[in-house]
Amino acid sequence: MIDLLSRLVRDAIVAATEAGELTLVEIPEPHLERPRDPSHGDWATNVAMQLAKPARMAPRQIAEIIAERMSGHADIAAVEIAGPGFINIRLSAAALQRVLRDVREQGADYGRVDIGKGRRVQIEFVSANPVGPMHVGHGRWAALGDSMARVLEHAGFETQREFYVNDAGVQMNTFAKSVAARYMEINGVEVEFAQDWYQGAYIREIAQEIMDAEGPKWVEADPEARESYFKEQAYAQVLDHLKRVLHGMGVDFDVWYSERELHEPGADGLSPIESSIATLREAGYIFEQDGATWFRTTDFDDDKDRVLKKADGSYTYFAADIAYHKNKFDRGFDRVIDIWGADHHGYVKRMEAAVAALGHPGKLDLVIGQLVNLFRDGEAVRMSKRTGEMVTFEDLLDEVGEDAARYFFLRRSTDQPLDFDIGLAKEQSAENPVFYVQYAHARICSILRKAAGIDTADESVEIASMATALIPDDAPLHLLETEAELSLMRKLAEFGEVVEVAADQLLMHKLTRYAEDLAATFHQFYTQCRVYDPENLDLTSARLYAVDATRQVLANVLGLVGVSAPERM
RNA sequence: GCGCCGUUAGCUCAGCUGGAUAGAGUAUCUGACUACGAAUCAGAAGGUCGCAGGUUCGAAUCCUGCACGGCGCACCA
């Protein structure tokens with residue numbers, strides 16, 4: 001719709017210029033926006049104000065000329081000039097009614113846009129270290145990244161979800177030592193447990209599982225052999241936990257990328273890390289100093305240069321991450337998105353430097369999400385990974401459920417810290433927005449069942465096909481003309497723009513906001529318009545048509561959020 | 001000390017690349033179910049957009065400075 005209007009405005013300007021009514025060298029791309037105030041119409045443009053200077057005419061006079069040439073189109077009910085020179089456009093009822101036909105025709109595909117044009121984008125998110133259970137912040141990234149993938153797919157991108165597993169660092173050794181020590185304790189052997197090892201109770205649980213499976217035979221084993229065996233066992237358990245929890249909330253990764261691959265020599269004898277450093281060296285960004293190998297990130301606006309290879313010969317985490325990102329681009333992605341917690345934001349500059357130095361400037365989007373603070377009954381829940389005092393994400397899911405968790409995580413803009421109130425998320429009341437939206441969907445299904453004479457308890461009926469059979473294709477939609485009906489259709493028409501903005505700017509909270517808007521608009525419509533009326537079957541079928549379209553769009557937006565659209569609650 | 005993010009109604013937050021009288025939800029008060037789901041709807045009240053300058057036809061939005069809060073600032077990951 002916006003494209004159509006934009007073209008109409010532009011055509012009007014071109015025509016007026018050709019007719020000599022306007023004197024312009026260049027025709028601008030008109031900017032259309034939705035006025036805040038509904039009395040200003042469905043769309044507005046300030047193009048007349050922008051043209052005032054180049055055309056050397058008063059904005060209102062230009063607006064008159066454009067408006068004159070726009071009116072008369074079947075999709076436009078009115079074109080008005082307002083204020084200093086705004087052109088307010090009101091869509092005709094016919095244009096809005098056509099939206100309903102689009103929804104019915106396109107179904108689950110309604111709202112698709114094509115800003116991606118088939119480009120391949122990879123989204124890397126969560127990427128929790130495999131040394132402990134997922135925490136609540138990881139849950140937020142999981143919800144965010146997965147919805148982002150869904151939205152980008154809806155916007156014409158080919159997407160891939162990837163989890164980077166940091167399974168190669170010293171932390172893995174610390175992790176192994178911690179588990180081994182607990183194992184020894186279980187077997188009554190006194191061991192020293194270092195301050196900086198993992199303190200969490202889950203370490204003991206992992207040790208216990210190994211104990212249960214294999215008995216005490218590792219007590220007498222060579223400490224190194226024990227550690228390396230325990231490392232792999234514990235790692236496997238944690239990875240399994242991560243996959244299980246993520247799958248439980250509907251998040252499935254296409255690729256689990258192991259950092260270890262980056263340290264393995266390839267066909268040319270060089271590991272990916274070594275060869276990516278070689279690439280940077282050829283490009284002239286590498287130097288040696290104090291026995292270490294450095295990457296001159298200050299060439300790219302970083303505060304200081306960064307070490308890639310330490311004096312002791314080992315590589316930094318950053319070196320591995322450079323190799324990893326080189327690998328991503330080598331795999332042919334046109335665009336790469338990383339979602340990081342705010343505690344890693346200090347890392348942004350150097351990563352951007354690396355991607356630019358590798359020859360892919362501008363292809364990396366770093367989304368920095370603020371952290372999650374858990375509250376229970378107004379009290380902050382204190383957590384520390386080090387001391388092991390924590391509510392895991394799995395605990396939270398068990399308590400509030402996947403729908404509430406995912407919905408709450410997406411409700412705030414990502415650069416806003418999230419205060420997550422466990423009590424509120426659990427509450428099944430109007431205070432809880434996820435129920436508000438789901439209720440609208442369930443209510444619609446109930447109306448449809450009612451109109452079709454189907455008992456609410458009958459779960460054998462598939463709503464969508466039932467509705468298609470119930471509501472005729474040629475329902476007299478021209479009967480839909482009250483304000484409540486028009487508002488509903490306007491809101492449905494907005495969905496594509498929401499997808500476009502969410503995809504373009506990676507703003508997932510637009511989805512939940514729209515979902516709540518649409519639900520509210522529907523509830524208002526419902527209050528004012530009786531849908532099922534045996535005395536007026538024409539109007540009934542037209543309204544059922546609108547109601548079913550609303551059901552479809554609610555299902556679509558909830559699908560992007562990753563939350564279920566229940567048919568009864 | 002430096003950097004990033006934030007500061008908007010009592011509370012939690014929107015405000016789309018500068019636009020018209022700054023919006024929702026919630027809390028408070030008042031109304032609406034003997035017809036489709038009241039987990040709903042309608043109305044009232046609630047603001048110095050942290051502070052001070054600047055840019056221009058026009059600023060919550062852009063620039064500068066300051067204040068407050070969160071998070072970072074390793075040859076850790």
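1. Let's start with two helices: α5 and α19 are oblique to each other, going by a scheme where angles under 35 degrees count as roughly parallel, over 145 as roughly antiparallel, 65 to 115 as roughly perpendicular and the rest as oblique. Helix α5 covers residues 136–154 and helix α19 residues 495–505; their axes come within 9 Å and cross at roughly 120 degrees. Axes here are lines fitted to C-alpha atoms, for helices over the stretch in contact, with angles running from 0 to 180 degrees between N-to-C directions. Helices are DSSP runs of H or I with at least four residues, strands are runs of E with at least two, and both are numbered from the N terminus.

2. Before going on, a word on the source: this is a predicted model, where local features need pLDDT of at least 70 and side-chain atom pairs count only at pLDDT 80 or more, while totals for chains, interfaces and linings use all residues. Residues are numbered from 1 along each chain as its sequence is written, chains are lettered from A and ligands numbered from 1 in the order in which they are written, and side-chain values use heavy atoms, with hydrogens and water left out.

3. Back to the helix pair. α5 passes α19 in a left-handed crossing, meaning that the near helix is turned anticlockwise from the far one by less than a right angle (clockwise would be right-handed). On the α5 side the contact (heavy atoms within 4.5 Å) is made by Val151, Leu152 and His154, and on the α19 side by Phe495, Val499, Ala502 and Ala503. Sorted by class, that contact has six nonpolar residues, one polar and no charged ones. The classes are these: Ala, Val, Leu, Ile, Met, Phe, Trp, Tyr, Cys and Pro are nonpolar, Asp, Glu, Lys and Arg are charged, and the others, Gly among them, are polar.

4. Now the chain as a whole. Chain A has 21 helices and 15 strands, and its C-alpha trace spans about 90 × 65 × 45 Å along the principal axes. Of its 569 residues, 51% count as buried, where buried means under 20% relative accessible area, exposed over 50% and partly exposed in between (1.4 Å probe, protein chains only). Among contacts in chain A with a separation of 6 or more, 69% come from residues 24 or more positions apart.

5. Have a look at the open sheet of four strands, which has the order β1-β2-β4-β3 and antiparallel pairing; two strands pair if DSSP finds at least two bridges between them. β1 (32–33) and β3 (76–82) stand at the edges with a single partner strand each, so one side of each is left without a neighbour in the sheet. Strand β2 (residues 43–45) pairs with strand β4 (residues 86–91) over three bridges in the antiparallel sense, and Trp43 stands opposite Ile89 in β4. Helix α3 (residues 59–70) lies across β3 and β4, running at about 175 degrees to β3.

6. An open sheet of three strands is also worth a visit: the order is β8-β9-β10, with antiparallel pairing. β8 and β10 are its edge strands, each pairing on one side only, and the twist averages 45 degrees from one strand to the next. Helix α11 (residues 317–330) packs on this sheet, touching β9 and β10, and its direction makes about 80 degrees with that of β10.

7. Zooming in on that sheet, strand β8 (residues 286–289) is joined to β9 by four bridges. Gln289 has Ala292 as its bridge partner in β9, and Glu288 has Thr293. The two strands form a hairpin with two residues between them, and Asp290 in the turn has a positive phi of about 55 degrees.

8. What covers the idea of two faces? In a regular strand the side chains alternate between the two faces of the sheet. In strand β9 (residues 292–295) both faces are covered: Ala292 and Trp294 on one side, and Thr293 and Phe295 on the other, are all buried.

9. Strand β13 (residues 372–376) has two pairings to check. With strand β15 (residues 418–421) the pairing is parallel over four bridges, and Val372 has Leu418 as its bridge partner. With strand β14 (residues 379–380) the pairing is antiparallel over two bridges, and Phe375 is partnered by Ala380.

10. Last stop, Arg7, in helix α1 (residues 2–18). Arg7 is partly exposed, with a relative accessible area of 49%.
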